[in-house]
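Please take a moment to look over the model below before reading on.

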Amino acid sequence: MLGVIADDFTGASDIASFLTENGLKTVQMNGVPRQPLLEKVEAIVISLKSRSNPVNEAIEQSLQALHWLQDNGCEQFYFKYCSTFDSTEKGNIGPVADALLAELKENFTVITPALPVNGRTIFNGYLFVGNVLLNESGMQNHPITPMKDANLVRLMDAQAQGKTGLVTSADVFKGAENVKARFAELKEQGFSYAVVDAVDNSQLAVLAEAVADLKLVTGGSGLGAYMAARLSGGKKGDNAFVPNKGKTVVLSGSCSVMTNKQVNAYKEEASHKHLDVEQALNNPNYVEELYQWVNEHLNEELAPMVYATVPPEDLKAIQQKFGAERASYTIENTFAKLAQKLHAAGVANFITAGGETSSIVVQQLGFAGFEIGKQIAPGVPWLKALSEPTCLALKSGNFGKEDFFKFAQGMML
Ligand SMILES: Nc1ncnc2c1ncn2[C@@H]1O[C@H](COP(=O)(O)OP(=O)(O)OP(=O)(O)O)[C@@H](O)[C@H]1O
Ligand SMILES: O=C(O)[C@@H](O)C(=O)CO
């Protein structure tokens, strides 16, 4: 059984959807469960909210997740992080990978955030988004993890205790046996990590074969998809559900390039309200006011949207005025409290945008875990809470097409 530790909730639903699609019966757990899992599955994904936590907290959470997965029968482990890496030189991917390797008594793994279906590829160790380097893709303006460097070897060397080497695309083209031989060479030379190039899906298929015997694998959901395809023998998932039509809300806390486009497109068609940071900080009645506004619009054809999403220039000004961490924290908490009130008032479907935003909303709603439904876009499935019929779509910042919010609602029956 495959056990996945995902560093945020959108990332967790991203990989869970690809595992499901590629034939593994998968469940997504929210946080480290207190109870053992009774359901029989082939993969378990644990969603953490550890991506932007201090190193020691991220390590502690990840090790707890690892222990629970081991206790529940998992034998191979996958550390899932963002396909845009979302971890600066001070980030925790390296330290968490160091800790997981040490705990598993292993000394080598791969670093492969590639997700070609969504334009994330790796060449000579550099991460690309579409046709441009990560640090030219808009990710350099990310509110929490501004990615100023696209070189994964350099980022890992800045973060991790273990040294990082490179397996180039030319090596991957030669096939899985050659990749394994490169791993052996790197290990021999004292490297703990190999950034492995993947310029397209065929390279991920090769890599999935090459990592089959590694106890710990790390990367985005792309490699996970190909590992699942191998493990399931090429089966495809079949019984994916879609939600019923019902009271729905869109909550957008991502400032990514794509979310900005999606929010602008949706504003043309649906009721919308901007979440104002100053109000969130200073008006004790603000959540109630937002809640009342949403309530007034819940019966409209398209779901009302509350959004904090702003373009980079506005984000910079807000962060300068209020402090980046303070602004993020306040916005996330406002969304969490608003979601809680809406859930209590009977909202059936939540569409949230942004990893941190989605994570805090799900944590606040307190669902133990999710069943995985049909994909709305690559990496964004419909989810159904294990304990009740509430459905959610947790959209990663840069995933989905421009009409994502409307398209997701169009799938409801
Ligand atoms: N107007 C704003 N001003 C300041 N901070 C904001 C604003 N809008 C959103 N934020 C903060 O920016 C962060 C966005 O992170 P989030 O993970 O939700 O989105 P993302 O990084 O685009 O998504 P993903 O992690 O899925 O790629 C959140 O902490 C959010 O509260
Ligand atoms: O890998 C991705 O890009 C996403 O699943 C994600 O982690 C966004 O938070």
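In which loop is the place of K105? In this predicted model, K105 sits in the loop that runs between α3 (93–103) and β5 (109–112).

- K105 has a phi near 55°, which is a positive value in a residue other than glycine.
- K105 counts as exposed because it has 7 C-beta neighbours inside 10 Å, and a residue is called exposed if that number is 12 or fewer.
- N124, found in the loop between β6 (120–123) and β7 (126–129), also has a positive phi, in this case near 50°.
- N124 counts as partly exposed, because its C-beta neighbours inside 10 Å number 14.

**The shell around ligand 1**

- Ligand 1 has 30 residues around it, and of these S254, S328, G354, G355 and G397 come nearest.
- At least two residues of the shell are supplied by each of α12 (312–322), α13 (324–344) and α14 (355–365), while the largest share, four residues, comes from α13.

**Where ligand 1 lies**

- Domain 1 (2–232) gives residues to the shell around ligand 1 and domain 2 (248–410) does so too, and therefore ligand 1 lies between the two domains.

Terms used. Residues numbered from 1 in each chain as written. Chains lettered and ligands numbered in written order. Predicted model: local features only at pLDDT ≥ 70, side-chain atom pairs only at ≥ 80, totals over all residues. Buried ≥ 20, exposed ≤ 12 C-beta atoms within 10 Å, placed from the backbone. Near = placed C-beta within 6 Å. Domains from an automatic or database assignment.
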